[in-house]
Amino acid sequence: MSAPGDADAAGDTDAAGDTGAGGDAEAKGATRHGPLAGMRVVELAGIGPSPFAAMLLADLGADVIRIDRPGETGLPAPLPPELDLLRRGRPSVSLDLKHPDGLATALALVERADVLVEGYRPGVAERLGLGPDECLARNPRLVYGRMTGWGQDGPLAQAAGHDIGYVAITGALHAIGRAGGPPQVPVNLVGDFGGGALYLVVGVLAALLEARTSGRGQVVDAAIVDGTAHLSSLVVGLVSAGLWSDRRGTNLLDTGAPFYDLYETSDGGFMAVGPLEPAFYVELLRLLEITDAPDRLDPRQWPALRALLADTFSARTRDDWAALFEGTDACVEPVLSYAEAPTHPHLAARGTYVEQHGIVQPAPAPRFSRTPARLSTPPSTPGADTRAALTAWGIEDVAALLASGAAVEPVPEPSEPTETPIETSAPAP
């Protein structure tokens with residue numbers, strides 16, 4: 001599959017790698033499944049949104065090769081390699097990009113690719129000799145994806161940062177939280193993955209489609225601040241119309257309305273209640289056996305309505321309420337933990353979570369009727385597939401690259417010596 005493109009992987013530092021458990025079936029050319037089968041992607045290893053984007057492309061069938069740099073370290077968290085799911089579905093090769101032959105090998109991979117994804121600070125790829133100019137000169141149809149937090153330009157472009165800071169300046173973080181309390185951090189789902197990785201993937205695929213007619217590649221500048229602001233379009237419109245207050249926790253969708261909130265149950269669980277439409281709200285009241293509810297259209301009566309709902313939900317356990325509301329139009333669901341979610345009947349029926357290589361993990365999304373995606377190999381440790389993956393991509397004389405140090409593969413740990421019991425002969429009678 002040939003197409004131009006550019007994807008910029010949002011990163012917080014110049015570069016970073018993750019750890020994973022090996023899987024060389026992918027490196028040896030295992031059959032790819034999904035709508036992106038046939039597309040080739042070079043991933044310059046990073047953290048956060050860039051590996052998520054590469055994982056998503058691999059989940060959908062793209063042949064992704066990840067270039068880890070020797071000695072790179074990932075996040076300061078003791079994440080076991082086999083559980084680093086953002087590395088799944090693709091092989092890892094370790095190249096010393098400061099070695100002339102290591103750089104030449106990376107450029108040779110770029111020549112064979114449709115897409116490159118990188119998550120360095122602006123200018124780092126250029127200093128390595130892998131910037132857009134060098135890569136597009138080798139492969140004019142390449143889509144070069146750049147993922148950053150601040151973007152490729154602007155006053156903060158060269159500053160370090162993380163998801164929490166990117167989301168903070170867009171207005172999105174200020175809007176999340178309860179009345180009278182501080183803003184609440186939405187993990188890193190809104191910035192890194194929602195406003196970052198998903199916009200990178202959309203940009204890369206859009207550039208690939210455009211390349212079908214133009215025959216030319218381009219750079220995709222995906223910035224978390226841009227994507228997060230774009231995600232906020234509805235709320236920004238409500239603010240402009242005077243229908244959204246800057247006082248968090250007082251609006252329709254931020255727990256301000258008592259009919260769009262969370263309520264604690266008798267066992268310390270929570271129910272998510274969200275019947276916005278009148279018919280669904282009527283169903284909620286019917287199932288709760290409430291006949292004298294305050295007027296929900298009058299914000300002055302919201303405190304009384306909230307107290308009534310809180311008192312009602314506190315009378316039974318979460319699972320009792322879940323059973324009562326299951327399958328109804330009341331728009332009420334139990335709040336589950338990540339440990340509980342895979343066993344929810346609906347998610348189990350759809351296979352939203354699957355067990356692969358002994359690990360429960362999210363299945364590829366979205367779903368396709370004719371070219372379904374499926375999980376392939378488990379996360380691969382840095383450099384575990386160097387020899388096999390480079391060979392599968394048509395790189396010659398990999399042994400020489402390994403001998404020179406331009407390419408690196410992990411040294412196998414010595415196996416524990418096994419003791420052989422000494423046989424003794426029984427004394428002759």
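A helix axis is a line fitted to the C-alpha atoms of the stretch in contact, and the angle between two such axes is taken between their N-to-C directions and runs from 0 to 180 degrees. The legends below describe a predicted model.

**View 1. Helix 6 packs against helix 9 at an angle of about 50 degrees.** Helix 6 covers residues 163-170 and helix 9 covers residues 224-231, and in this predicted model their axes lie 9 Å apart. The crossing in which helix 6 passes helix 9 is right-handed.

**View 2. Residues of helix 6 and helix 9 meet in a contact with no charged members.** Helix 6 contributes Tyr166, Val167, Ile169 and Thr170, while helix 9 contributes Ile224, Val225, Thr228 and Ala229. When the residues of this contact are sorted by type, six are nonpolar and two are polar.

**View 3. Ala365 and Pro366 are joined by a cis peptide bond.** The omega angle of the bond between Ala365 and Pro366 is about 0 degrees. Most peptide bonds, by contrast, are trans. Pro366 is found in the loop that runs between strand 12, residues 359-362, and helix 15, residues 386-392.

**View 4. Glu289 has a positive phi although it is not a glycine.** The phi angle of Glu289 is near 60 degrees, and the residue belongs to the loop between helix 11 (278-288) and helix 12 (302-313). Most residues other than glycine have a negative phi. Is Glu289 buried or exposed? Glu289 counts as exposed because its relative accessibility is 70%, and the cut-off for being exposed is over 50%.

**View 5. Asp397 also has a positive phi in a residue other than glycine.** Here the phi angle is near 55 degrees, and Asp397 sits in the loop between helix 15 and helix 16, the latter made of residues 398-404. Asp397 is exposed, with a relative accessible area of 54%.

View 6. Among the contacts between residues at least 6 apart in sequence, 74% join residues that are at least 24 apart.

Notes
Residues numbered from 1 in each chain as written. Predicted model: local features only at pLDDT ≥ 70, side-chain atom pairs only at ≥ 80, totals over all residues. Heavy atoms only, no water. Helix = DSSP H or I, 4+ residues; strand = E, 2+ residues; numbered from the N terminus. Buried < 20%, exposed > 50% of the residue type's maximum accessible area, 1.4 Å probe, protein only. Left-handed = near helix turned anticlockwise from the far one by under 90°. Contact = heavy atoms within 4.5 Å. Nonpolar A, V, L, I, M, F, W, Y, C, P; charged D, E, K, R; others polar.
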